Amino acid sequence: MAKKDRGESAQDRAYQFIKRGITNLEFRPNQKLRAEDLSARLRMSRTPVREALGRLGQEGLVRRDNGWGYMVVPVTSSDAMKLFGVREALEVQVVREEIPKFQKSSLKVLGKLMSEAAGLLRANRIKEFREVNRRFHALITSEADNQFLKQMLSLIEDRIRIVGGLVMEKHRLRTNEVLADNIR
């Protein structure tokens, strides 16, 4: 069940719970999501859950499933390649613009994150590796002084999490490539 936070509406709690489930692959591509099941799990009425699903539908993470609930949107190989190409182009631009301005402390943190990621990979702790990898990319984005780049990266972040997780599950060797790419 989702933790109840102060000041957060039931719809916001449902939205965060479902979105986190999708991006962490607890809800898989093509999986059916029914408001009735989710509302029981969250211990809330169906209305805020339906509203949250509608919101996630607008973001492209779920879609209506023949009028009876929703389904987590699948990702094709072609979509994945295009998505990673977009992220790479945006992050390269961030690095071009910002690397001379990176704080030494941020560069140290990036190095520590890569060391931590390498250790997690050696220990075959893929879920934790993915989380450290996310923190690495989030730090790069946070250093950008270009709001347009930040907004564009923000728009694709959820899909990157989903696709990255799926790729690392299916192609274990890809985790080594991700680490090598990040170190470069």
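**Entry 1: a pocket lining**

I sorted the residues that line the second largest pocket and got four nonpolar, two polar and seven charged. For this sorting, Ala, Val, Leu, Ile, Met, Phe, Trp, Tyr, Cys and Pro count as nonpolar, Asp, Glu, Lys and Arg as charged, and the others, Gly among them, as polar. I note that the model is predicted, so local features need pLDDT of at least 70 and side-chain atom pairs pLDDT 80 or more, while totals for chains, interfaces and linings use all residues. Residues are numbered from 1 along each chain as its sequence is written, and side-chain values use heavy atoms, with hydrogens and water left out.

The lining has 13 residues, and Arg 34, Ala 35, Glu 36, Trp 68 and Gly 69 lie nearest the centre of the pocket. The elements that give two or more residues to this lining are α2 (35–42) and α3 (46–58). The largest share, three residues, comes from α3. I wrote down a volume of about 240 Å³ for the second largest pocket. A pocket here is an open set of points on a 1 Å grid over the protein atoms alone, where a 1.4 Å probe fits, with protein on both sides within 12 Å along at least five of seven lines; lining residues have an atom within 4 Å of a point. The volume is the space filled by probe spheres set on the points, which are joined across faces, edges and corners.

**Entry 2: the overall layout**

I listed the secondary structure and found eight helices and three strands. Along the sequence they follow the pattern α-β-α-α-β-β-α-α-α-α-α. Helices (H or I, at least four residues) and strands (E, at least two) are DSSP runs, numbered from the N terminus. Of the 184 residues in the protein, 40% are buried. Buried means under 20% relative accessible area, exposed over 50%, and partly exposed in between (1.4 Å probe, protein chains only).

**Entry 3: salt bridges**

I looked up the salt bridges, and the count is ten. The rule asks for a side-chain nitrogen of Lys or Arg within 4 Å of a carboxyl oxygen of Asp or Glu.

I checked Lys 19 and Asp 158, whose side chains meet at 2.8 Å, N to O. Lys 19 is in helix α1 (residues 10–23) and Asp 158 in helix α7 (residues 147–170), so the pair ties together parts that are 139 residues apart in sequence. Lys 19 is buried at 16% relative accessible area, and Asp 158 is buried at 16%.

I then checked Lys 32 and Asp 65, with the closest N and O atoms 2.8 Å apart. Lys 32 lies in strand β1 (residues 32–33) and Asp 65 in the loop between β2 (62–64) and β3 (70–72), so parts 33 residues apart in sequence are tied together. Lys 32 is exposed at 56%, whereas Asp 65 is buried at 10%.

Arg 46 is partly exposed at 40%, and Glu 36 is partly exposed at 43%.
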